[in-house]
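Subject: Structure handover and notes

Dear colleague,

I am passing a structure on to you with this message, and below it you will find my notes. Please read them with the model open beside you.

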Amino acid sequence: MNTIIQKTDFFLLSFLILLVLIAGAFTVLIDVDSAQYAAISMEMIKTYTFLEVYQVGIDYLDKPPLLFWLGAIFYGIFGIEAFAFKLPTILFTLISFYYLYKLSLSFFNKWIACCTILVYASTLGLFWINSDVKTDSLVTSCILISVYFLFAYVQKSTITTLIIGSAFIGLALMSKGPMGLVFPLTYIGFHLLITKNWNGIFKFSWLILPITAALVISPMLFGLYNQFDLHPEKIVNGKEQVSGLRFFFWEQSFGRITGENKYKNETSFFFLFHCLFLLIIPYSLILFSALYNWFKDLTKNNSDQNTHWLYVGSVVILCALSLSTYKIPHYTSVLFPFCSIIIAKHLYYLTEKDSSKFLVFNNLLMLTIVVSLISLSFYCFNPNLFAATIITFVIILSIYNISKHKQIISLALCGIALGLLFNMHIIPSLHDYTPGKRFAELVQSKNIDPYSIYYFNRESHAMEFYLQTRIQRLTWNELISKNLPIKDKWIYLEESAIEALKYQDMELVKKECLSVYDLNRINLKFLIPKTREDELDTYCLAMFSRKK
């Protein structure tokens, strides 16, 4: 029979989860997205342009501004530091734990509600999106909280809950665009349709939702209209007559399905399906088993209609995301909390059936995978003693809990071990090969004036952030132009470009170089220590003079 997770286990796991999140808050910012957003927030607080968003003084039109606003606010409190940029996202995540518990508890028992939090808080994907901060963690938290309050309104018809839920939809819209409205309504809509709650669908008070959400997002809309719609002469993202409002409501999200959005990559329709199961580790097999059981019960008309919204809503949202012409793994993060409820519900079913053989097999498999990944990462990069000790301790705890038949605790510890590995070992090790902070430290150690640096063909938002300086970009024609004074100027470029510039009557005066690697294209040769050097590129800060 099921029992509530013991307090000692819960507090230990909570402490370890908090440790992973704190460790992630103090990891370095890595190019591209996270460092770019941190740099935009820095520019925002330095220029006091909160309603209009700029990147290196150029009009920025891509992501909504909530993440930038929060970053700027926390910079004002704590100073311009990486942890200050990550902190609001982590706080939203911690708050979302509470509302996920309450959402799960409103449909299931306390055991499932507690287990839901444990599952969600120990998935690899959650640790990733709170360490390498983008807009996804923020929108996930806002969508989850809005869904809780909208369900509370459906169940109790309290207008206050509808207003709060609508306000969080507004925040979700300002986190990542229209998906912040579409996804919560998908879950609520399917629940009302499947349970045939026609009175709930046609309530006149639902009109409060668009009004409240519109009021919340009105500062953003004002900024977009002021910055773009009033200035059709601007060239933005290579286009003229760009409407900021149309971009926000259509092109940013739906344009990725129609092909209007400029971002495209070559990924299959099922790419995000694979990513979801990878990022939900160590619960991937449990999720697969839960979906299989749900589908089997569905075909036999033997399923609970009150839970269909979870499965149907999640599958529909995953398919909708998969229609995008540009897909990257962290898009699936909006599904993590809802998949966690599905997983917790299935774990309850498995323990009720006393399916100990399956759970033990799953735990041993996950433990084997986790230990293999830890061993591989320790082989690839030398671990520090503290990280190695605490990760080993967590793995030993996981093995101990298997022996004590605490399979869920053991699984959670596997996820925590991966989170610790990611934040305390892998990211710090990769820092040795990323240009951003390393070049910033080089500039500071050599007493180079940051305002004397120019980017040529290469750029680093992380370097700008750590130097707290906007760095000007140069084109080839600008660099070789006789009119550009280059005396006492430093050019940031690949070492191979130095030879090309020598043919343009430019003479190298001095250079400071580092071996770096583009983390967006990690391959096996880079991971293997013996072949790593062959995969590294050399970037330099070089000073030139013009030949007379």
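In what follows, a residue is called buried when its relative accessible area is under 20%, exposed when the value is over 50%, and partly exposed in between, with a 1.4 Å probe and protein chains only. This is a predicted model, in which local features need pLDDT of at least 70 and side-chain atom pairs count only at pLDDT 80 or more, while totals for chains, interfaces and linings use all residues. Residues are numbered from 1 along each chain as its sequence is written, and side-chain values use heavy atoms, with hydrogens and water left out.

Let me begin with the salt bridges, a term that here stands for a side-chain nitrogen of Lys or Arg within 4 Å of a carboxyl oxygen of Asp or Glu. By this rule there are 13 salt bridges. One of them joins the side chains of D132 and K134, with 2.5 Å from N to O; D132 is partly exposed because its relative accessibility is 23%, whereas K134, at 9%, counts as buried. Another brings together E464 and R473 at 2.7 Å, N to O, and here E464 is buried, at 3% relative accessibility, while R473 is partly exposed, at 26%. A further bridge links E251 with R246, whose closest N and O atoms are 3.9 Å apart. In that pair E251 is buried, with a relative accessible area of 14%, and R246 is partly exposed, with 41%. R246 and E251 also belong, together with K239, to a network of salt bridges.

Grid points are joined across faces, edges and corners, and a volume is the space filled by probe spheres set on the points. The helices named below are DSSP runs (H or I, at least four residues), numbered from the N terminus, and strands would be runs of E with at least two.

The largest pocket holds about 1400 Å³ of space. It is lined by 37 residues, and those closest to its centre are W128, F422, I426, L430 and I522. Helices that each supply at least two residues of this lining include α2 (33-47), α6 (124-131) and α18 (356-380), but α20 gives the most, with 6 residues.

Two or more lining residues come from each of α11 (208-229) and α12 (244-251), and the largest share, 5 residues, is that of α11.

P282 sits in the loop between α14 (271-279) and α15 (284-299) and is buried, with a relative accessible area of 0%. Apart from neighbours within four places in sequence, P282 is in contact (heavy atoms within 4.5 Å) with S122, N362, M366, L411, C414 and G415. H431, in the loop between α20 and α21 (435-445), is likewise buried, with 16%, and with the neighbours within four places left aside, H431 touches V28, K437, R438 and E441. K196, by contrast, lies in the loop between α9 (179-194) and α10 (198-201) and is exposed, at 57% relative accessibility. K196 and Q305 are 109 residues apart in sequence and 10.0 Å apart in space, C-alpha to C-alpha.

Finally, there is a nonpolar patch on the surface, formed by L18, I22, F26, L91 and L94, with about 440 Å² of accessible area together. Patches take residues with over 30% relative accessible area and no salt bridge, joining nonpolar side chains (Val, Leu, Ile, Met, Phe, Trp, Tyr) within 5 Å and like charges within 9 Å, and the areas come from the Shrake-Rupley method with a 1.4 Å probe, where for residues only the protein chains shown count as cover. Helices α1 (7-25) and α4 (82-105) each give at least two residues to the patch. L91 belongs to α4 and is partly exposed, with a relative accessible area of 36%.

With best wishes

Technical notes. 1 Å grid on protein atoms, 1.4 Å probe; cavity = no way out; pocket = protein on both sides within 12 Å on 5 of 7 lines; lining within 4 Å.
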